[in-house]
Amino acid sequence: MAQQGGCIFCRIARGEIPTNKVYEDQDVIAFLDINPASVGHTLVVSKEHFDDFTKAPKDVVSHVFQVAQLIAQACLVELKADGVNVITNIGKAAGQSIGHFHVHVIPRYANDRIGIPFGKTLSLPSDQFPQLADSIRKGLPAPKLEGK
Ligand SMILES: [Zn+2]
């Protein structure tokens with residue numbers, strides 16, 4: 001997908017906007033979020049423009065998450081973080097504010113009081129679970145189980 005002129009992450013990838021860079025290679029750039037949720041909050045971005053995680057090719061997804069893993073490891077060691085959240089948001093309803101695939105690496109510190117509201121907010125009858133799993137499976141390719 002072509003880079004888009006007005007996209008802020010494409011502009012950062014082209015070096016047009018300065019950042020506090022954490023990592024860069026040919027395909028990926030990572031830099032501190034200017035609106036950090038925690039100390040060391042870093043964004044890992046594919047240099048090529050894809051609208052979100054679901055639109056990026058799997059090799060790009062793999063590469064971005066491998067860099068996110070390295071940064072998470074560095075945050076644990078160098079920033080003495082007690083934990084890390086690694087998150088990618090897809091769509092406005094999920095909180096995606098920039099329409100260019102990126103992964104948040106959010107170092108966590110004991111009692112930091114950051115709210116990541118993944119708690120149980122739904123009372124779904126358990127007899128609906130099998131049908132729900134079927135619906136999701138319908139959208140997936142048949143799994144390859146070679147060697148197993
Ligand atoms: Zn972009």
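User: In which sense do strand 2 and strand 3 pair, and over how many bridges?

Analyst: In this predicted model, strand 2 (residues 28–32) is paired with strand 3 in the antiparallel sense, and the pairing runs over 5 bridges. Within it, Phe31 stands opposite Leu43 of strand 3.

User: What is the sense of the pairing between strand 3 and strand 5?

Analyst: That pairing is also antiparallel: strand 3 and strand 5 (residues 102–108) are joined over 4 bridges. Here Val45 has His102 of strand 5 as its bridge partner.

User: Are the faces of strand 3 covered or open?

Analyst: One reads each side of the strand separately. Thr42, Val44 and Ser46 lie on one side, Leu43 and Val45 on the other, and both faces are covered. For strand 3 (residues 42–46), 5 of its 5 residues are buried.

User: Why does Ala68 count as buried?

Analyst: Burial is judged by counting neighbours: a residue is buried if 20 or more other C-beta atoms lie within 10 Å of its own. Ala68 has 24 C-beta neighbours inside 10 Å and therefore counts as buried. Ala68 is part of helix 2 (residues 58–78).

User: Which residues does Ala68 touch, leaving aside those up to four places away in sequence?

Analyst: Ala68 touches Val44, Val86, Val103 and Val105. Of these contacts, Val44 belongs to one covered face of strand 3.

User: How far apart are Ala68 and Ile87 in sequence and in space?

Analyst: Ala68 and Ile87 are separated by 19 residues in sequence, and their C-alpha atoms are 9.6 Å apart.

Conventions:
Residues numbered from 1 in each chain as written. Predicted model: local features only at pLDDT ≥ 70, side-chain atom pairs only at ≥ 80, totals over all residues. Helix = DSSP H or I, 4+ residues; strand = E, 2+ residues; numbered from the N terminus. Buried ≥ 20, exposed ≤ 12 C-beta atoms within 10 Å, placed from the backbone. Contact = placed C-beta atoms within 7 Å. Pairing = 2+ DSSP bridges.
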